[in-house]
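Hello,

I am handing over the structure below, with notes on what was found in it. Please read the notes with the structure open.

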Amino acid sequence: MIELTVNGKPHSVDVEPEMPLLWVLRDVLDVKGPKFGCGIAQCGACTVHLNGEPVRSCSVPVSAAAGQKVLTIEGLSQRGQLHPVQRAWIDHEVPQCGYCQSGQIMAAVALLAKNRDPSDKDIDAAMTNICRCGTYARIRSAIHTAAKSIKSTKA
Amino acid sequence: MAQNLIVMTNSFRKSRRDFLKVSAAVGGGFALQLTVPAPVFAQAAAKAKGPELTAWIVISPDDSVLIRIARSEMGQGSSTGLAMLVAEELECDWKKVRTEFVSTGEQLRRNRVWGSMATGGSQSIRSSQEYLRRAGATAREMLVAAAAKRWNLPEAECLAENGTITHLPSRRRLRYGEVAQAAAKIELPKDVPLKDPRVWRLAGKPVPRLDIPDKVTGKPLFGIDVQLPGMVYAAIAQCPVFRGKLSAVANERIMGMRGLIKVVRLDDAVAVVADNWWRANRILKALPIEWDAGANGDATTESIRAFMRTGLDDTRAPVARNDGNVEAAFDSAAKLVEAEYYAPFLNHAALEPMNCTALVKGDRVEVWAPTQNAEATHATAAATAGVPQENVNVHLTYLGGGFGRRGFQDYARQAVAIAKAVEGRPVKLLWSREEDMQHDYYRPMTLMRFKAGLDSAGNPVALHVRDSSHSIMAGVRPQEIKEGVDRHALGGIVDMPYSVPNLRIEFAMRNSHVPVGFMRTVFHSQNPFMRESFVDEMAHAAGKDPYEFRRALLQAKPKDLAVLDAAARASGWGSPLPAGVHRGIAVQDSHGSYAAAVFEVSVSEGRELDIRRVVVAVDPGYVVNPDSAEAQIQSCVAFGLTSVLWGEITLREGRVEQSNFHDYRIMRIAEMPKRIEAVLVPSGGFWGGMGETPLAPLAPALCNAIFAATGKRIRSLPLKNQGLRLV
């Protein structure tokens with residue numbers, strides 16, 4: 001049995017230690033926010049936070065998450081309030097098909113946790129997730145908006 | 001080598017025939033009525049044999065409005081746009097609108113009441129706008145009539161607005177929810193007039209999309225997210241050489257592997273069913289499989305391209321258009337220009353890999369599918385399971401991208417076949433990215449040769465085009481190929497907007513074993529690259545400005561001309577640029593709309609390409625949601641530039657060489673041009689598409705800018721093979 005905490009809830013799963021975290025989340029724990037896109041850590045649709053760090057869960061064995069805290073898009077809202085990044089995503093009408101957006105949002109949240117005022121270059125470096133619909137211009141604007149909104153609430 | 005390249009007669013045709021059958025079986029036409037109260041989808045089904053209840057609109061006593069959506073939502077935003085058109089005429093409170101996809105079982109039982117469910121060709125809005133607006137207007141009139149009846153006052157004194165009916169003289173009011181029940185019993189008014197789009201209040205405005213909140217909170221919306229009690233999971237390996245077959249599998253090698261439920265052999269594939277997808281895929285990878293590659297095991301990109309070059313020289317190629325006499329005009333021309341162009345196969349690469357969930361139980365089939373054509377999925381499921389159409393139901397999910405790929409039904413056929421093998425249990429089939437990359441219906445490889453004659457003033461007097469291309473129609477609607485000419489494959493060529501007195505266009509169909517299909521903007525994704533680049537070559541040979549050169553040839557085509565002018569104006573065409581920055585321009589109509597683009601680029605050391613500015617002007621007639629329209633322009637820029645810069649599917653030993661995003665590169669945020677200007681110039685009077693047209697002029701406008709910067713003419717894509725690198 002492997003123990004892990006997902007969105008604050010402890011779970012115990014009976015799976016192979018090499019089973020990727022993504023598939024434990026999706027097929028065992030029914031946490032469907034993280035998406036499968038490539039299976040080789042290229043696209044980032046499966047991005048979740050492992051102890052606050054963004055990881056590509058398709059390529060992280062569940063054993064590496066044993067005893068650790070996993071945060072997915074489902075756990076991002078606090079007390080029914082959307083995260084500022086989610087609100088910015090709504091304000092800028094970012095998603096098109098929406099399939100990559102869980103991963104994009106988790107990557108953006110991780111970026112803003114480290115860098116409260118990212119430049120366009122910082123965004124380019126941190127946001128390597130693929131969006132086949134090409135919502136990039138709006139992702140960029142939404143990250144800047146979210147940064148401002150986080151700063152103003154913390155100021 | 002050519003004998004290896006045989007005309008495709010792929011199994012997709014089977015489902016196409018079945019789809020035609022279902023279309024014929026359920027007939028055309030639709031009815032409109034109002035169903036009240038909600039939520040009554042199941043009840044409506046039960047009542048479908050009685051007096052017809054409404055198709056599109058359900059109004060609850062609490063005033064909430066449910067609008068049904070029959071077209072797939074794959075990111076283009078039409079599920080909001082379609083609802084806006086209904087709501088515009090219905091005069092309901094937009095804040096109370098929600099939407100729901102219709103199911104094919106209902107569609108069939110209700111005599112195709114929702115019209116076509118096919119989602120492609122940028123058709124969703126333009127081919128359903130009329131009946132959707134009429135549905136809204138008719139329902140509004142019924143609500144007004146019900147209120148007037150209750151008050152016993154004339155309808156003409158009542159006004160419907162924002163979900164209420166007001167009797168104007170007395171200011172008495174009723175909410176829609178209060179009269180919806182009575183309204184449902186009112187006879188359908190006929191020929192209710194529609195609003196002039198100039199007086200729209202909701203449509204035409206940048207209304208927030210209805211699907212966005214669910215898409216930022218990770219809701220399980222997509223086909224891949226379907227979860228059913230007792231569900232099992234399937235992974236699949238398909239014969240790596242198209243048209244090959246499965247020979248043998250060594251099941252004994254995987255016996256006892258954890259989670260294994262069943263190995264299912266299909267004609268050209270093998271699936272492993274297990275208790276989760278990762279285990280299914282893991283077992284599949286451990287399973288020794290022998291394939292029979294068939295006749296195409298030696299094919300390579302080069303062999304296919306050489307086969308297609310025979311189309312350029314074929315002396316018997318059918319003639320698609322022949323105005324005047326090109327040969328005579330060439331003889332008297334002052335200058336001749338000749339060039340040959342090439343565009344490779346491309347993969348759609350929707351981010352959600354192909355998947356489908358199916359349950360076969362006795363003689364009934366239920367399917368959950370991210371499909372662009374739910375009725376074709378329905379027909380495919382019935383045919384595969386061998387059950388009557390009436391025993392099938394398809395639930396449409398959201399699509400994680402479509403781009404044309406999900407109109408094909410191969411994944412649905414497989415899912416139902418596998419479900420049949422594990423009867424009684426729902427099974428979710430999911431392709432790996434590798435399967436998705438190597439089993440597409442690819443954007444066709446196309447070659448084109450142009451020859452133009454210019455007179456001494458630089459005016460084009462003759463143009464000869466020879467197109468050697470795969471035909472998508474050969475696989476899906478062969479009856480549309482007339483005397484060897486596939487006009488669909490000649491889109492943008494045979495119907496080019498330019499006036500050239502002597503014009504000859506020939507088509508040599510060359511179908512390899514590689515399956516081809518509709519990919520965003522379809523032939524207008526490569527043909528305009530070729531035509532508009534060559535027009536630039538003509539302009540250069542004539543010593544004329546490429547914008548002015550086009551203007552002179554477009555005098556008989558005011559809409560193409562206007563959109564070209566709009567792009568030129570917005571970009572400041574002709575105004576001075578910083579040193580080293582150069583412009584390129586192109587124009588192309590497609591999917592009922594008109595588009596033109598201007599690129600500004602610099603190219604350092606002849607290879608470092610910097611895309612500094614992209615201006616795209618589009619005239620789609622009417623714009624239903626300008627915010628979604630702008631999003632589609634941005635989307636086309638990312639999609640189009642991905643193809644131009646890096647897009648290329650190559651073959652070796654009959655199989656696709658690329659396997660995943662490490663070797664089939666997709667644009668990322670750092671590579672997206674920072675300055676994209678969407679210029680919407682809706683001129684009204686027609687309804688055009690928005691999801692594909694903006695892509696058409698991008699490749700040539702970029703390549704023409706590269707020529708302006710370097711003097712190097714790009715005649716073959718992608719740019720990575722031309723020594724150009726994006727910085």
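The centres of domain 1 and domain 2 of chain A, taken over C-alpha atoms, are 21 Å apart; this and everything below refers to a predicted model. Domain 1 of chain A covers 2-75, and domain 2 of chain A covers 84-154. Where they touch, domain 1 of chain A contributes 15 residues and domain 2 of chain A contributes 12 residues. On the domain 1 side, strand E3 (47-50) and strand E4 (53-56) of chain A each supply at least two residues. E3(A) gives the most to that side, with three residues. By class, the side of domain 1 of chain A that touches domain 2 of chain A has seven nonpolar, six polar and two charged residues.

Next, the sheet. E3(A) and E4(A) belong to an open sheet of five strands in chain A, with the order E2-E1-E5-E3-E4 and mixed pairing. Its edge strands are strand E2 (9-13) and E4 of chain A, each of which pairs on one side only. From one strand to the next, the twist averages 35°. Strand E1 (residues 2-6) of chain A runs antiparallel to E2(A), and five bridges join the two. Glu3(A) has Ser12(A) in E2(A) as its bridge partner. Helix H3(A) lies across E3 and E4 of chain A and runs at about 40° to E3(A).

Then the contact between the chains. Chain A puts 46 residues into the contact and chain B puts in 48 residues. Five helices of chain A each supply at least two residues of the side that touches chain B: H1 (21-28), H2 (84-91), H3 (101-114), H4 (120-126) and H5 (136-154). Of these, H5(A) gives the most, with four residues. The side of chain A that touches chain B divides into 24 nonpolar, 12 polar and 10 charged residues.

Last, a helix pair in chain B. Helix H15 (residues 527-542) and helix H16 (residues 546-553) of chain B pack with their axes 9 Å apart, at an angle of about 105°. H15(B) and H16(B) are therefore roughly perpendicular to each other. Which residues meet in this pair? From H15(B) they are Val535(B), Asp536(B), Ala539(B) and Ala542(B), and from H16(B) they are Pro546(B), Phe549(B) and Arg550(B). The contact of H15(B) with H16(B) has five nonpolar, no polar and two charged residues.

Regards

Conventions
Residues numbered from 1 in each chain as written. Chains lettered and ligands numbered in written order. Predicted model: local features only at pLDDT ≥ 70, side-chain atom pairs only at ≥ 80, totals over all residues. Contact = placed C-beta atoms within 7 Å. Nonpolar A, V, L, I, M, F, W, Y, C, P; charged D, E, K, R; others polar. Domains from an automatic or database assignment. Axes fitted to C-alpha atoms, helices over the stretch in contact; angles between N-to-C directions. Parallel < 35°, antiparallel > 145°, perpendicular 65-115°, else oblique. Pairing = 2+ DSSP bridges.
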